[in-house]
2 protein chains.
Amino acid sequence: MEFPSKLIEDAVTEVAKLPGIGKKTALRLVLHLLKRDEEQTQTLAHSLTEMRLKVQYCRKCHNLSDDTLCGICANPRRDGSIVCVVEDTRDVLAVENTAQYKGLYHVLGGIISPVEGIGPSDLHIDSLIQRLTQQSEADEPVKEIILALSPTMEGDTTAFYLQKKLRPFQLKISTIARGIPIGGDLEYADEVTLGRSILSRIAYE
Amino acid sequence: MEFPSKLIEDAVTEVAKLPGIGKKTALRLVLHLLKRDEEQTQTLAHSLTEMRLKVQYCRKCHNLSDDTLCGICANPRRDGSIVCVVEDTRDVLAVENTAQYKGLYHVLGGIISPVEGIGPSDLHIDSLIQRLTQQSEADEPVKEIILALSPTMEGDTTAFYLQKKLRPFQLKISTIARGIPIGGDLEYADEVTLGRSILSRIAYE
């Protein structure tokens with residue numbers, strides 16, 4: 001594609017570096033900005049650079065944060081005895097949106113994936129172990145770890161590795177339930193999920 | 001969605017203002033930038049603001065341009081006797097990509113649409129008429145106008161309006177051919193297109 005302007009071309013090239021955005025979409029977005037106020041483009045550019053420069057990772061759980069300690073870790077009403085281990089910040093958001101969990105988190109920052117060359121040392125696993133070994137008396141002692149990882153091969157590998165690492169601490173280790181989604185149709189469920197949901201059936205109380 | 005950081009929230013809100021990008025996609029893009037070098041975010045932000053501040057519209061054809069005259073209008077090897085009228089810059093790019101057209105362009109900057117309140121006075125129609133009335137002796141005289149507008153109701157209305165406006169100039173006025181796309185299957189063509197392509201059949205020479 002030959003652009004009428006070097007400025008447009010540069011902008012399109014940069015926008016097209018974002019995942020899932022091709023040249024055509026990038027051009028549409030750039031032309032959209034041209035039709036809007038200059039201010040909108042400036043606010044967008046400013047908020048992106050500010051975010052990139054100033055956002056931090058919580059020193060306790062590695063979640064994204066505006067401070068050294070994130071809002072969840074700093075909240076005294078959260079239950080410090082449960083830690084939910086997740087792959088990244090989006091999973092924290094997903095669990096938070098359920099409003100069903102009041103414990104803390106630990107963000108691994110990825111998942112063990114030999115194909116992509118990501119091993120346990122690339123993840124925040126050591127700092128999870130440290131959270132357990134270096135508990136001060138002021139802290140609520142951790143009693144349970146929930147492994148909330150995706151049910152993929154990489155997720156299962158990571159969960160298996162973590163279970164081994166966590167075994168010495170004699171905590172309750174759990175994983176989120178696998179089964180048929182609420183509103184899901186039995187007919188269309190894959191056999192592995194349906195099989196597991198029969199094995200992990202829940203007794204009526 | 002409750003974000004762990006105000007900075008992230010602001011960035012997501014701004015990105016989600018772009019057309020076709022929702023909050024979830026915006027979050028994915030923002031988290032992607034966080035995983036990349038700070039430099040990438042800065043280059044992106046810089047290229048967007050630069051583009052927005054500095055890009056101009058060609059004073060002759062209203063195409064986007066880095067200068068007061070765009071690269072196509074300034075190119076002496078383009079055929080100044082033909083002007084192709086298009087809706088916006090993307091259409092210029094589309095025609096340029098065919099490498100089949102060596103004339104000039106005129107970008108209307110939109111299309112007549114009573115529903116959206118866009119009338120002829122909102123488009124660069126007056127300046128097209130001016131291009132025809134104020135031709136200097138140095139310019140190549142315009143002999144043909146091609147109306148390359150989308151075959152929609154708005155496009156047809158605009159083309160009809162332009163034909164009326166251009167009639168006094170005694171130019172050749174043409175429109176791009178409508179018909180079955182190359183590689184298109186007759187079976188799946190809509191009846192209007194197929195009907196038109198029979199009426200406008202082309203004789204073998």
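User: What should I know about the model and its numbering before we start?

Analyst: This is a predicted model, in which local features need pLDDT of at least 70 and side-chain atom pairs count only at pLDDT 80 or more, while totals for chains, interfaces and linings use all residues. Residues are numbered from 1 along each chain as its sequence is written, chains are lettered from A and ligands numbered from 1 in the order in which they are written, and side-chain values use heavy atoms, with hydrogens and water left out.

User: Why are α1(B) and α2(B) called oblique to each other?

Analyst: Helices here are DSSP runs of H or I with at least four residues, and strands are runs of E with at least two, numbered from the N terminus. Axes are lines fitted to C-alpha atoms, for helices over the stretch in contact, and angles run from 0 to 180 degrees between N-to-C directions. The axes of α1 (residues 6–15) and α2 (residues 23–35) of chain B come within 8 Å and cross at roughly 125 degrees. Angles under 35 degrees count as roughly parallel, over 145 as roughly antiparallel, 65 to 115 as roughly perpendicular and the rest as oblique, and therefore α1(B) and α2(B) are oblique to each other. The crossing of α1(B) and α2(B) is right-handed, a term used if the near helix is turned clockwise from the far one by less than a right angle, anticlockwise being left-handed.

User: Which residues make α1(B) and α2(B) meet?

Analyst: With contact meaning heavy atoms within 4.5 Å, B:Ile8, B:Ala11, B:Val12, B:Thr13 and B:Val15 of α1(B) meet B:Lys23, B:Ala26, B:Leu27, B:Leu29, B:Val30 and B:Leu34 of α2(B). By class, this contact of α1(B) with α2(B) has nine nonpolar, one polar and one charged residues, where Ala, Val, Leu, Ile, Met, Phe, Trp, Tyr, Cys and Pro count as nonpolar, Asp, Glu, Lys and Arg as charged, and the others, Gly among them, as polar.

User: What makes α1(A) roughly antiparallel to α3(B)?

Analyst: The axes of α1(A) and α3(B) come within 9 Å and cross at roughly 150 degrees, and that angle makes α1(A) roughly antiparallel to α3(B). The contact is made by residues including A:Leu7, A:Ile8 and A:Val15 of α1(A) and B:Leu44, B:Leu48 and B:Met51 of α3(B). Its residues divide by class into seven nonpolar, three polar and four charged. The crossing of α1(A) and α3(B) is left-handed.

User: Why do α6(B) and α7(B) count as roughly parallel?

Analyst: The axes of α6(B) and α7(B) come within 11 Å and cross at roughly 30 degrees, so α6(B) and α7(B) are roughly parallel to each other. B:Leu128, B:Ile129 and B:Leu132 of α6(B) make the contact with B:Leu162, B:Lys165 and B:Leu166 of α7(B).

User: How do you know that A:Ser5 is buried?

Analyst: Buried means under 20% relative accessible area, exposed over 50%, and partly exposed in between, with a 1.4 Å probe and protein chains only. A:Ser5 has 1% relative accessibility and therefore counts as buried. A:Ser5 is found in the segment before α1 of chain A and, leaving aside its neighbours within four places in sequence, is in contact with B:Val55, B:Ser65 and B:Asp66.

User: Is A:Ala99 buried or exposed?

Analyst: A:Ala99, in the loop between α5 (89–98) and β4 (103–107) of chain A, counts as exposed because its relative accessibility is 54%.

User: What is said of phi in A:His62, and why is A:His62 called buried?

Analyst: Phi of A:His62 is near 65 degrees, a positive value in a residue other than glycine. A:His62 lies in the loop between β1 (56–57) and β2 (64–65) of chain A, and A:His62 counts as buried because its relative accessibility is 14%.

User: How many residues does the largest nonpolar core have?

Analyst: A nonpolar core is a set of buried Ala, Val, Leu, Ile, Met, Phe, Trp, Tyr and Cys residues joined through side-chain atoms within 4.5 Å. The largest has 42 residues, and those with the most contacts inside it are A:Ile8, A:Val15, A:Leu48, B:Ile8, B:Val15 and B:Leu48. Helices α1, α2 and α3 of chain A, together with α1, α2 and α3 of chain B, each supply at least two residues of this core.
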